[in-house]
Amino acid sequence: MNALIKSATIVDSKSDFHNETVDILIEKGRISKISKRIANPNNYQEIKLDNLHVSQGWFDSSVSFGEPGYEERETISNGLKTAARSGFTSVVLNANSNPVIDSYADITFVKSKANGNAVKLYPTGALTQGSKGEDLAELFDMGNAGAVAFYDYQKPISNPNLMKIALQYASNFDGLVFSFPQESKISGLGVANEHINSTKLGLKGNPALAEELQVARDLFLLEYTEGKLHIPTISTVKSVELIRAAKAKKLDVTCSVAIHNLVFTDDVLQEFDTNFKVLPPLRTQTDCEGLIEGLKDGTIDMVTTDHNPIDIEDKKIEFDYAKYGTIGLESAFGALQNIFTTKKTVSLLTQGKSRFGISETAISEGQIADLALFNPDTTYEFTTTHLSSRSKNSMFLGSKLKGATYGVIANNKMVLK
């Protein structure tokens, strides 16, 4: 793939060209030259876009695409195209399918479905067989097939001994174990944050305590086993404090936060819009502020869209019975820019790769082109016209966002809107 990017401002603090507006020549998928002005004698395709900015390709540690089994929600092919149009060049796929991805053959299958795309797909394997929380899955075999971590998507491991064994076993081959932060016996049938709003609306409450107890338990298990743990999508200020203390003790723990848990509180549930039904639930303004502070001081290692397409039949029903989940790839950049500067937003969207063994390189001559293209300054109302996903369950519909993506150049391919 050959192209000449014209007049692009580079946003990459690791690059010698950070904050400079330059031309970027890409030949055979590799950056061959960066300069103030580059001629085009070979008549390569020129990319000239309004207020064009370029950064390292973005990364998402938690996406679900449905396939295999839930293709009506999303396919791997369209999911990766959506990720590319949204600025992402690498995504970690959850084992959220039917059947659950829990074997060498399953990992091989989803990787084969992703071949030839601009976006690289890194699959997780289920931590337990069928994600039933009873017996460990074939962790070592899945690791050999290319699984980057092991996670029963949004299903907590209730048996602490099973989690202990998982951490011990995976440490033999440097495996990364996810543990969803929820104590199910405390959360019960709760569908919204246990607080004033859940009481007013008559919704069963899922208390912050359910998350914090599980986080505390898992951190004790991590200290005992000296394993390698990732806690996905934390949602409370107390969880941030617990993980901050664990990091001070040098435990090998990382965590993420879903972008929607930074933006929305449970105040938005007044209309019972099921697009706002997510797990963990939307919490309070105090929690949002604590999560943002955790990102600023480095306690929280990465943001995620926690992109989870759900078909309309499972969303357009009573709140209690609707499935959890929102899509978030298309709105990620614009939503974060409502909170952070462009430089911080790009930093958040590019960090976390190393935890999954994914290499990252600064934008410089000689490096493989792995680039996100975007305009950070445009503002607009987010509507269904901005969605590429097959499912349309976005809680950001109707929101005012700042900043739009053009697409990516990565993996020797170009995807532009």
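This is a predicted model: local features need pLDDT of at least 70, side-chain atom pairs count only at pLDDT 80 or more; totals for chains, interfaces and linings use all residues.

Helices (H or I, at least four residues) and strands (E, at least two) are DSSP runs, numbered from the N terminus. Residues are numbered from 1 along each chain as its sequence is written, and side-chain values use heavy atoms, with hydrogens and water left out.

**Overall build**

- The secondary structure of the protein comes to twelve helices and 18 strands, and the C-alpha trace spans about 65 × 50 × 45 Å along its principal axes.
- Buried residues make up 59% of the 417 residues in the protein, where buried means under 20% relative accessible area, exposed over 50% and partly exposed in between, with a 1.4 Å probe and protein chains only.
- Of the contacts (heavy atoms within 4.5 Å) with a separation of 6 or more, 75% are between residues 24 or more positions apart.

**Nonpolar cores**

- A nonpolar core is a set of buried Ala, Val, Leu, Ile, Met, Phe, Trp, Tyr and Cys residues joined through side-chain atoms within 4.5 Å; the largest one holds 85 residues, and Phe65, Ile231 and Val303 touch the most other members.
- Helix α4 (residues 160-171) gives the most to this core, with five residues.
- Apart from this core lies another, of 18 residues, among them Ile47, Leu52, Leu373 and Tyr406.
- Once residues up to four places away in sequence are set aside, Ile231 touches Ser179, Pro181, Val215, Leu219, Ile243, Val253, Thr254, Cys255 and Ser256.
- As background, nonpolar side chains tend to be buried together in soluble globular proteins.

**Strand β7 and its partners**

- All six residues of strand β7 (residues 88-93) are buried, so this strand is largely enclosed by the rest of the structure.
- Strand β6 (residues 58-63) and β7 pair in the parallel sense over four bridges, pairing being assigned if DSSP finds at least two bridges between two strands; Leu93 in β7 is the bridge partner of Val63.
- From β6 the chain crosses through helix α1 (residues 76-85) to β7 in a right-handed β-α-β crossover, a term that applies if, with the strands pointing away from the viewer, the path from the first strand over the helix to the second runs clockwise.
- Strand β8 (residues 120-125) runs parallel to β7 and is joined to it by four bridges, with Lys120 in β8 as the bridge partner of Ser90.

- The side chain of Asn96 makes a polar contact of 3.3 Å with the side chain of Ser64 and one of 3.5 Å with the side chain of Asn308. A polar contact is a pair of N or O atoms within 3.5 Å; within protein, one must be able to donate a hydrogen and the other to accept it, and residues adjacent in sequence count only if both atoms are side-chain atoms.
- Neighbours within four places in sequence aside, Asn96 is in contact with Ser64, Gly66, Tyr70, Tyr153 and Asn308.
- Pro99 lies in the loop between β7 and α2, and the peptide bond that leads from Asn98 to Pro99 is cis, with omega near 10°.

**Other backbone features and asparagines**

- A cis peptide bond, with omega near -5°, also leads from Leu279 to Pro280, a residue found in the loop between α9 (260-263) and α10 (285-296).
- Asn19, in the loop between β1 (3-10) and β2 (21-27), has a positive phi near 70° although it is a residue other than glycine, and it counts as exposed at 56% relative accessibility.
- Asn51, in the loop between β4 (45-47) and β5 (53-56), has a positive phi near 50° and counts as partly exposed at 30% relative accessibility.
- Asn78 is found in helix α1 and is buried, with a relative accessible area of 18%; leaving aside neighbours within four places in sequence, Asn78 is in contact with Ser388, Ser389 and Arg390.
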